[in-house]
Amino acid sequence: MAMRLRNDLAMAYFNPFQVSEQTDTLRVLQTDPVDYLVTPRVLACLLALPVLVTLCFTVGMGASVLLAEGVYE
């Protein structure tokens, strides 16, 4: 599943780059375009997901505490 996600992200991200030949430039520089362009975005998503889940959980718990105090007092 992770490889399929990586390939889908790569294709969605590379199509605009094919027009401007930026991926060809990376290949000339002997750099893998997937490693250079897609991998940092996937790593950023993997790092941001736990932070966002924790933030949403905290906000939800705080809102429920405020609501419970308002209703039951």
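This report walks through a predicted model of one protein chain, from its overall make-up to a few single residues.

## Ground rules

In this predicted model, local features need pLDDT of at least 70 and side-chain atom pairs count only at pLDDT 80 or more, while totals for chains, interfaces and linings use all residues. Residues are numbered from 1 along each chain as its sequence is written, and side-chain values use heavy atoms, with hydrogens and water left out.

## The chain as a whole

Let's start with the big picture. The chain has three helices and zero strands, so helices are DSSP runs of H or I with at least four residues, strands are runs of E with at least two, and both are numbered from the N terminus. Read from that end, the order of elements is α-α-α.

How much of the chain is buried? Of its 73 residues, 12% count as buried. Here buried means under 20% relative accessible area, exposed means over 50%, and partly exposed lies in between (1.4 Å probe, protein chains only). The accessible surface of the chain comes to about 6200 Å², and 70% of that belongs to carbon and sulfur atoms. Such areas come from the Shrake-Rupley method with a 1.4 Å probe; for residues, only the protein chains shown count as cover.

## Helix α3

Now look at α3, which has 40 residues. From its first C-alpha to its last it reaches 58 Å, close to the 58 Å expected at 1.5 Å a residue; the expected span is 1.5 Å times one less than the number of residues.

Where does α3 have a kink? A kink of about 35 degrees lies at Thr39, shortly before the proline Pro40. The bend at a residue is the angle between axes fitted to the seven residues ending there and the seven starting there. The buried residues of α3 are Pro33, Val34, Leu37 and Val38.

## On the surface

Leu52, Leu55 and Val59 make a nonpolar surface patch of about 290 Å². Patches are made of residues with over 30% relative accessible area and no salt bridge; like charges are joined within 9 Å, and nonpolar side chains (Val, Leu, Ile, Met, Phe, Trp, Tyr) within 5 Å. A salt bridge is a side-chain nitrogen of Lys or Arg within 4 Å of a carboxyl oxygen of Asp or Glu. Val59 sits in helix α3 and is exposed, with a relative accessible area of 52%.

With a disulfide defined as a pair of cysteine sulfur atoms within 2.5 Å, the count comes to zero.

## A loop residue

Finally, find Gln30 in the loop between α2 (22-28) and α3 (33-72). Its phi is near 60 degrees, a positive value in a residue other than glycine. Gln30 is exposed, with a relative accessible area of 76%.
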